[in-house]
Amino acid sequence: YLQTLHPEDADRVQKAVAEAVERHELYSCEYRVIHKDGSIRWVADQAQPYYDEAGRPVRLLGTITDITDRKLAEQALSESEQRLRMASDAAGLGFHDFNVRTGEINWSPGLWRLTGRSGTNPVALADTVKTIYPPDREMIEAQIGAIQRRLGPYELEFRIVRPDGSFTWVLDRGEALGPLDPATGLVSRIAGTIIDITARKRSEEHEKLLMHEMNHRTKNLMSVVQAVAQQTAKHGTHDNIVERLNERLHSLAASHD
């Protein structure tokens with residue numbers, strides 16, 4: 001029978017059998033076997049060791065079940081989760097699940113990467129708040145307190161501080177879920193998605209800068225037009241004032257271009 005075991009699983013199976021026999025425990029193991037036609041199947045092997053009067057193992061009595069379909073489904077799910085993780089990383093996505101009663105939050109791997117930190121779940125709410133950029137912290141704490149007291153969707157924008165001192169703009173969008181605790185009036189859970197919006201925020205800041213500069217230049221141009229009009233009116237005559245003003249405005253437009 002050992003010859004049918006997949007070479008990568010053979011040592012693990014023999015070790016599991018030996019440990020179960022030594023401890024007088026039920027043996028249980030999942031491994032691959034190779035059929036005569038070369039195909040590979042997954043099996044679940046469970047057996048109970050039996051001993052003689054001297055305590056020596058004499059047999060294993062058990063069952064072997066084909067679990068190939070289940071393993072293929074698990075593999076497909078694992079690959080799907082891996083693709084989802086890659087897509088989440090590319091999009092700068094993280095997920096959180098906040099147990100309001102315990103004050104603990106579970107972070108997805110993507111959220112750990114987004115914050116630039118490493119650690120284990122669950123994370124205390126107080127430690128989560130410490131990742132928020134100090135100028136935003138008081139405002140977000142107040143909003144979190146309000147979210148805990150009402151059911152429904154929410155949306156927050158704030159900055160988080162990375163360990164190197166840099167900050168990242170994020171959008172936290174999720175929902176507060178019930179039931180409400182009659183004693184405290186608090187929701188049960190808050191689950192949401194964290195998205196990196198730093199690039200969007202930088203673009204918005206750039207647009208604001210451009211609009212400010214355009215506004216400044218437009219006001220300057222209007223002042224010049226006003227001065228041109230005043231000088232034309234001062235030195236022109238009633239008959240040629242419109243013509244002279246048009247000439248000067250055309251010259252100003254050419255200079256502006």
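## Pro153 and the basis of the model

Pro153 sits in strand β7 (helices are DSSP runs of H or I with at least four residues, strands are runs of E with at least two, both numbered from the N terminus). At 67% relative accessibility, Pro153 counts as exposed (buried means under 20% relative accessible area, exposed over 50%, partly exposed in between, with a 1.4 Å probe and protein chains only). Pro153 and Gly103 are 50 residues apart in sequence. Their C-alpha atoms are 19 Å apart in space.

The model is predicted: local features need pLDDT of at least 70, side-chain atom pairs count only at pLDDT 80 or more, and totals for chains, interfaces and linings use all residues. Residues are numbered from 1 along each chain as its sequence is written, and side-chain values use heavy atoms, with hydrogens and water left out.

## The enclosed cavity

Rolling a probe the size of a water molecule over the atoms shows where empty space is left. Here the search uses a 1 Å grid over the protein atoms alone: a cavity is a set of points where a 1.4 Å probe fits but cannot get out, while a pocket is an open set with protein on both sides within 12 Å along at least five of seven lines. Lining residues have an atom within 4 Å of a point. Grid points are joined across faces, edges and corners, and a volume is the space filled by probe spheres set on the points.

The count comes to 1 cavity of 30 Å³ or more. The largest cavity holds about 330 Å³. Its lining has 22 residues. Nearest the centre lie His96, Thr128, Phe158, Asp172 and Ile194. Elements that each supply at least two lining residues include β4 (93–99), β5 (104–107), α3 (109–115) and α5 (134–147). Strand β7 gives the largest share, 4 residues. By class, the lining divides into 17 nonpolar, 4 polar and 1 charged (Ala, Val, Leu, Ile, Met, Phe, Trp, Tyr, Cys and Pro count as nonpolar, Asp, Glu, Lys and Arg as charged, and the others, Gly among them, as polar).

## The largest pocket

The largest pocket has a volume of about 200 Å³. Its lining includes Tyr1, Leu2, Val13, Tyr27, Asp45 and Ile64. Four elements, α1 (7–23), β1 (27–34), β2 (40–51) and β3 (57–66), each supply at least two of the lining residues. The classes here are 9 nonpolar, 2 polar and 1 charged.

## A nonpolar surface patch

Strand β3 also holds Val58. Val58 counts as exposed, at 51% relative accessibility. Together with Tyr50 and Leu61, Val58 forms a nonpolar patch on the surface. The three share about 300 Å² of accessible area. Patch residues have over 30% relative accessible area and no salt bridge; like charges are joined within 9 Å, and nonpolar side chains (Val, Leu, Ile, Met, Phe, Trp, Tyr) within 5 Å. Areas come from the Shrake-Rupley method with a 1.4 Å probe, and for residues only the protein chains shown count as cover.

## Salt bridges

The whole structure has 17 salt bridges (a side-chain nitrogen of Lys or Arg within 4 Å of a carboxyl oxygen of Asp or Glu). Asp9 pairs with Arg32, with the closest N and O atoms 2.9 Å apart. Asp9 lies in helix α1 and Arg32 in strand β1, so the pair ties together parts that are 23 residues apart in sequence. Asp9 is buried at 4%. Arg32 is buried too, at 18%.

Helix α6 (residues 198–235) holds both Lys201 and Glu204, 3 residues apart, about one turn of the helix. Their closest N and O atoms are 3.8 Å apart. Lys201 is buried at 14%, and Glu204 is partly exposed at 29%. Glu213 and Arg217 also lie in α6, 4 residues apart. That bridge has its closest N and O atoms 2.8 Å apart. Glu213 is partly exposed at 33%, whereas Arg217 is exposed at 52%. Elsewhere, salt bridges that share partners join Glu8, Asp9, Arg12 and Arg32 into one network.

## Backbone exceptions

Most residues other than glycine have a negative phi, and most peptide bonds are trans. The bond from Asn121 to Pro122 is cis, with omega near -5°. Pro122 is in the loop between α3 and β6 (123–124). Gly178 and Pro179 are also joined by a cis peptide bond, with omega about 5°. Pro179 lies in the loop between β8 and β9.

His24 has a positive phi, near 60°. His24 lies in the loop between α1 and β1. Its relative accessible area is 48%, partly exposed.
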